[in-house]
Amino acid sequence: MIFGYMITLFPHHFGDYEYWESMGKNMLSKAYELEPCDPIIEMVFLADNSMRNEDYKDACLRAKEHIKDRFKNKGLMDKYFQDVFNR
């Protein structure tokens, strides 16, 4: 999920923009398919797919409860995801 998320943010850093943007979205879709009950994966999947409706807002609220447990602030990357995913 994390790699797919990062690719969708910066596909131009990986090479062919359209290819890597599609690859990132596919990774997010696959992560959501494998773990549909994970609120953080759901939130990122719904945000990337421009489905910012009530489902997205609900996923954001549910994800807030899990962010600090998933990213325990052991380093800069955890701090980054705590900040970014705390929507």
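**Contacts, core and charge pairs in a predicted model**

Apart from its neighbours within four places in sequence, Lys 72 is in contact (heavy atoms within 4.5 Å) with Asp 78 and Gln 82. The structure is a predicted model, in which local features need pLDDT of at least 70, side-chain atom pairs count only at pLDDT 80 or more, and totals for chains, interfaces and linings use all residues. Residues are numbered from 1 along each chain as its sequence is written, and side-chain values use heavy atoms, with hydrogens and water left out.

Lys 72 is found in the loop between H4 and H5. Helices are DSSP runs (H or I, at least four residues), numbered from the N terminus. Relative accessible area sorts residues into buried (under 20%), exposed (over 50%) and partly exposed (in between), with a 1.4 Å probe and protein chains only. Lys 72 has a relative accessibility of 47% and therefore counts as partly exposed.

Phe 71 belongs to the largest nonpolar core, which has 16 residues. Such a core is a set of buried Ala, Val, Leu, Ile, Met, Phe, Trp, Tyr and Cys residues joined through side-chain atoms within 4.5 Å. Seven names stand out by touching the most other members: Tyr 5, Ile 40, Met 43, Val 44, Tyr 56, Phe 71 and Phe 85. At least two core residues come from each of helix H3 (39-48), helix H4 (54-70) and helix H5 (76-85). H3 gives the most, with six residues.

Aromatic rings were then examined. A pair of rings is described by the distance of the centres and the angle of the planes. Rings of Phe, Tyr and Trp (its six-membered ring) pair if their centres lie within 6.5 Å; planes under 30 degrees apart count as stacked, over 60 as edge-to-face and the rest as tilted. The count comes to 10 aromatic pairs. Tyr 5 and Phe 85 have ring centres 5.1 Å apart and planes at 70 degrees, so this pair is edge-to-face. The pair links distant parts of the chain, with Tyr 5 in helix H1 and Phe 85 in helix H5, 80 residues apart. Both partners are buried: Tyr 5 has a relative accessible area of 8%, and Phe 85 has 0%. Ring pairs also join Tyr 5, Phe 71, Tyr 80, Phe 81 and Phe 85 into a cluster.

Tyr 80 lies in helix H5. At 35% relative accessibility, Tyr 80 counts as partly exposed. Tyr 80 is one of the residues of a nonpolar surface patch, together with Phe 3, Leu 9, Phe 10 and Phe 14. Patches are made of residues with over 30% relative accessible area and no salt bridge; like charges are joined within 9 Å, nonpolar side chains (Val, Leu, Ile, Met, Phe, Trp, Tyr) within 5 Å. The accessible area of this patch is about 450 Å² in total, from the Shrake-Rupley method with a 1.4 Å probe, where only the protein chains shown count as cover for residues.

Gly 4 also lies in helix H1 (residues 2-9). Gly 4 is buried, with a relative accessible area of 1%. Beyond four places in sequence, its contacts are Gly 24, Met 27 and Leu 28. The C-alpha atoms of Gly 4 and Tyr 17 are separated by 14 Å, for residues 13 apart along the chain.

Side chains of opposite charge can pair when their charged atoms come close. A salt bridge is a side-chain nitrogen of Lys or Arg within 4 Å of a carboxyl oxygen of Asp or Glu. Five salt bridges were counted by this rule. In one, the closest N and O atoms of Arg 70 and Asp 38 are 2.6 Å apart. Arg 70 lies in helix H4 and Asp 38 in the loop between H2 and H3, so the pair ties together parts 32 residues apart in sequence. Arg 70 is partly exposed at 39%, whereas Asp 38 is buried at 13%. Lys 30 and Glu 33 form another bridge, at 3.6 Å from N to O. These two residues are three apart in helix H2 (residues 17-34), about one helical turn. Glu 54 and Lys 57 meet at 3.7 Å, N to O, and both lie in helix H4.
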